[in-house]
Amino acid sequence: MRKDYLIMGVLNVTPDSFSDGGQFISTDDAISQADVMVAENVDWIDVGGESTRPGAAAVSTDEEISRVVPVIRAIRAKYPKQKISIDSSKPEVMEAAILAGATMINDVNALQAEGSVEVAVKHDVKVCLMHKKGTPQTMQDNPEYEDVVQEVLDFFAQRVEACLAYGMDADRIILDPGIGFGKSLEHNLQLLSNTATFKQMGFPILIGVSRKSMFGELLGRAVKDRLAGSLAVAQFTYLQGADYFRVHDVAATRDTLKTSQALIGKTNE
């Protein structure tokens, strides 16, 4: 049986995230949602204080810190062994979150902001390097690629080289092809169908598609009705070698992957 999967639960402490904006903006509400995810055996809780949905407005560093740090501290105090990641592209936010208890940086900008790699290496935390094209304000304005898979592979190679050159341990690195971040539906489908290709780079792969707009375009489903599509992608990419799954629906995703794992085990007996 292949190695286990890891489920990362989304905890957006933002007023404007596409799926759950405003639901967990208070620390109490955020901790209540963390309680649910912990009860569902989440592996990582990914705390984010700035929406990166298409068209989202930027948030100041101080505002982002004020949103995420109290939540991370509260989760760490209540669940001392819980793994927490910080979803941010700002080095100041990353450091504040790490000091509060986070042990992974999940960066849609792949540590390209000045000082970001330094923070990750200084604190020896895991990092998820994600590919995106453009900014949240413009990234879905007719994105174009000559070869989306090769361009993402080239980007990963460049970012991995930069991180290793600064002294980061290779076993700290996770790669995310950035579904929906400067990609059309066809680009997204090409990237997902090539999960095994990205896996050949030798790093764990994170897939984040939960409830995304690709399912609105592909299936004609509203955000609240996109679970089936999200689970189909989780199963498909797991079978292609994906390791981390960033999701809103922890229990349903775990059930899907646990069943897939059991079936793989039976076919290998």
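Helices here are DSSP runs of H or I with at least four residues, strands are runs of E with at least two, and both are numbered from the N terminus. With that in hand, look at the loop between α4 and β5 (126-130), which is where Asp124 sits. What you have on screen is a predicted model, so local features need pLDDT of at least 70 and side-chain atom pairs count only at pLDDT 80 or more, while totals for chains, interfaces and linings use all residues. Residues are numbered from 1 along each chain as its sequence is written, and side-chain values use heavy atoms, with hydrogens and water left out.

Back to Asp124: its phi is near 55°, a positive value in a residue other than glycine. Most residues other than glycine have a negative phi. Asp124 counts as partly exposed at 40% relative accessibility (buried is under 20% relative accessible area, exposed is over 50%, and partly exposed is in between, with a 1.4 Å probe and protein chains only). Leu111 also has a positive phi, about 60°, and is not a glycine. You'll find Leu111 in the loop between β4 (104-107) and α4 (116-123), but Leu111 is buried, with a relative accessible area of 3%.

Leu111 also leads us inside. A nonpolar core is a set of buried Ala, Val, Leu, Ile, Met, Phe, Trp, Tyr and Cys residues joined through side-chain atoms within 4.5 Å. The largest one has 66 residues, and Val47, Ile75, Ile105 and Leu111 touch the most other members. Helix α5 gives the most to this core, with eight residues. There is also a second, separate core of seven residues, which includes Trp44, Met104, Ile174 and Tyr244.

Now for the rings. Rings of Phe, Tyr and Trp (its six-membered ring) pair if their centres lie within 6.5 Å; planes under 30 degrees apart count as stacked, over 60 as edge-to-face and the rest as tilted. By this rule the count comes to four aromatic pairs. Phe156 and Phe198 make an edge-to-face pair, 5.9 Å centre to centre with 80° between the planes. Because Phe156 lies in helix α5 (residues 148-166) and Phe198 in helix α7 (residues 195-199), this pair ties together parts that are 42 residues apart in sequence. Phe156 and Phe198 are both buried. Elsewhere, ring pairs link Tyr5, Tyr238 and Phe245 into a cluster.

Tyr166 is in helix α5 too, but is partly exposed, with a relative accessible area of 44%. Not counting residues up to four places away in sequence, Tyr166 touches Val117, Glu118 and Val121. Tyr166 and Val121 are 45 residues apart in sequence, yet 7.8 Å apart in space, C-alpha to C-alpha.

Helix α6 (residues 185-193) has Leu185, His187, Asn188, Leu191 and Leu192 as its buried residues. They cover an arc of only 160° around the axis (taken from the directions from the helix axis to the C-beta atoms), so they lie on the same side of α6. Those buried residues pack against α5, α7, β7 (206-207), α8 (213-219) and α9 (227-239).

Arg254 counts as buried at 16% relative accessibility, and its contacts beyond four places in sequence include Tyr5, Glu40 and Asp43.

Methods: Contact means heavy atoms within 4.5 Å.
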